[in-house]
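Dear colleague,

Please find below the structure that I am handing over to you. My notes on what was found in it follow directly after.

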Amino acid sequence: MARMKTQHAADEEALPLRSRRIDKILIYGFLVIIGLAFAAPLINAVQMSVAVGGIGNYWAVLTRTLNGVSIPQTFLNSAIIALMHAGLVCVIGALAAYAFSFIPFRGREPLYYGVLLFLAVPATSILVPVYFISGTLGLFNTHIGVALPEAVLTLPFAVLLLRNRMDDIPRQLVEAAILDRASHIGVFWHVAVPLCRGPLFNLAALSVMWSLQDFLFPSVLLRSPALTTAAQAVQTIRSAFGPTPAESSQYYAALVLLGVPALVIILFAFKYVTSGLSAGGVKE
Amino acid sequence: MTTTETSTLVTRAGERRQRRSPARGVRGRSPFRGGWYVVLFLGPLLLFYGVYFLYSFGILGMVSTERVGLTFRNAVDVGMQNFVLVLEDPTFQRSLINTIVFGLFSVLVALTLGFILAMMLASGVRMRRLFYTVFLLPSLIPMSLFATVFSRMLETRDGAINDGLRNLGLGFLAQDWLGDPTAAYVAIGILLTYTIGLPIMYYTTDVAQVNASIVESATLDGASVWQIYRIMLFPLLRTTHITVILSVILGSFRAFDIIYFSTGGQPGGRTDITGTYIYKATLGLDRVGYAAAASIIVLIIALIISVVQIIVRRKAS
């Protein structure tokens, strides 16, 4: 199972290169310069957030409502939508991947490639129909109304990732299960799901991250300030801050805070996120 | 689940097999042939696809022939007029060209800077995890946030970038970043450079699979690090380049947040991409039929890229 090996690629041993001193200096120099450039916007945001008013700015924006939006509430909204999204993607994705991997049926491969075809659908191109469908089904201003269109865009990736893993499951295990007279439901639950625990964790971490990144669907579907998500709040709270230096510092403090949920997920689930992405090989 | 129940549900192929080896073989007794299980396992996915993709495309097709707002009421049938208008609109043409140009630029950056950074990280440097995380962070945090902070740094009068240039004595390089078309392109180029985390990750993953002994023998033969990167590893990672190119091009059609939160398509739609164009037509101008026509054109392009990707993938494996 070559795929297992790739999961911890970042921890594996380095290439056996013997570089000269000057090469080493060049390599470190380049990495440090690019590293600083990459960290600069984040460092800049933190600096600006305490430039006028100091660390108290954070407390101020946490306790204030900004255009009717409270930052702790946005964390809760983002978390609810992200978990719904992750749940939908993992359950529906695992069921479908099982069918494609274990149940022989006519037209299976064409259908599978048909499912993968939608890997590339940009969210903006289904904006109009999502708006229409959400109106018809009464999904405006609901968390699930955002999680559903997010999930449909993630599902092709989920099927790809999980089918690849399920195809690696040795068929002898399944034959044994058949002798036990287990049904597909039994094999799915007792063989496929436990053996896919790793990829499912990766997928869940990725789904949470992608949902936290999503601005488009919340901004279109959630109009009530009480339902605003963290990514969406970046825009909605902008006009709540005046042009004074103190207010500007507070705006930066708010921006930094809005990044915290995503940052927490990224740092704590970094390994799951990266191994999920590299196993899938597509999608941004 | 009893055997009699399932045997009525097996597919015809299964029945034929059963008749040939009557209730003796494993397969004959098992429910392991198609039937309603397919519906059970694939049903939820197909329901999702049915509503949010197929039904969606139906709506797009219908709405694209109408003049209508977001209320979807009082629609006026205009036939193919929306498609003609969209295709003739210079801003749409430009947004399409921009999407492709930005995509190609990202590919170029990924294949050069992304590649070299990943190779350097694989060359036994200290604090590798820290560097790796720093390079990946801008691609993983919400783009709405990153691009907002970045565009504040671009403020002409008091932004960090112009301030920094002035402090370095390079004040002549200070620009009206978001007002001047050329400067806005440069700004987007820099911003896109920040999003090469994924290519770095693909390269890092795949370079770890490279056979260490061939690198070792090249080192013993006196090859320098740079030669090994360029002559040995770059061609060796050919399949990774393909993954990188495809994923970056697909990503460029989804770069909505990057543009929306940095230049917002300004000045005057010069830096719009298809995503921001559709968004503005839908929510800004309330020209929904028109936006639907643009969406269909973009979808066709995205699906073509998808087909190419699937073909390439199948060939690779």
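How many residues does the contact take from chain A and from chain B? The contact, meaning heavy atoms within 4.5 Å, takes 111 residues from chain A and 111 residues from chain B.

Before the details, a word on conventions. This is a predicted model, in which local features need pLDDT of at least 70 and side-chain atom pairs count only at pLDDT 80 or more, while totals for chains, interfaces and linings use all residues. Residues are numbered from 1 along each chain as its sequence is written, chains are lettered from A and ligands numbered from 1 in the order in which they are written, and side-chain values use heavy atoms, with hydrogens and water left out.

The interface

Between chain A and chain B, the buried area (the accessible area, with a 1.4 Å probe, that two parts lose on being put together, summed over both) is about 10,500 Å², and carbon and sulfur atoms give 76% of it. On the chain A side, A:L15, A:F38 and A:V128 lose the most area to chain B, together 7% of what that side buries. The count of salt bridges (a side-chain nitrogen of Lys or Arg within 4 Å of a carboxyl oxygen of Asp or Glu) between the two chains is 0.

The chains

Chain A has 14 helices and 0 strands, where helices (H or I, at least four residues) and strands (E, at least two) are DSSP runs numbered from the N terminus. Its C-alpha atoms fill a box of roughly 75 × 65 × 30 Å, taken along the principal axes.

For chain B, an unreviewed UniProt entry lists "domain: ABC transmembrane type-1" at residues 96-309; such annotations may be inferred rather than shown by experiment. That stretch of chain B is 73% helix and 0% strand, with its end C-alpha atoms 20 Å apart.

Yours sincerely
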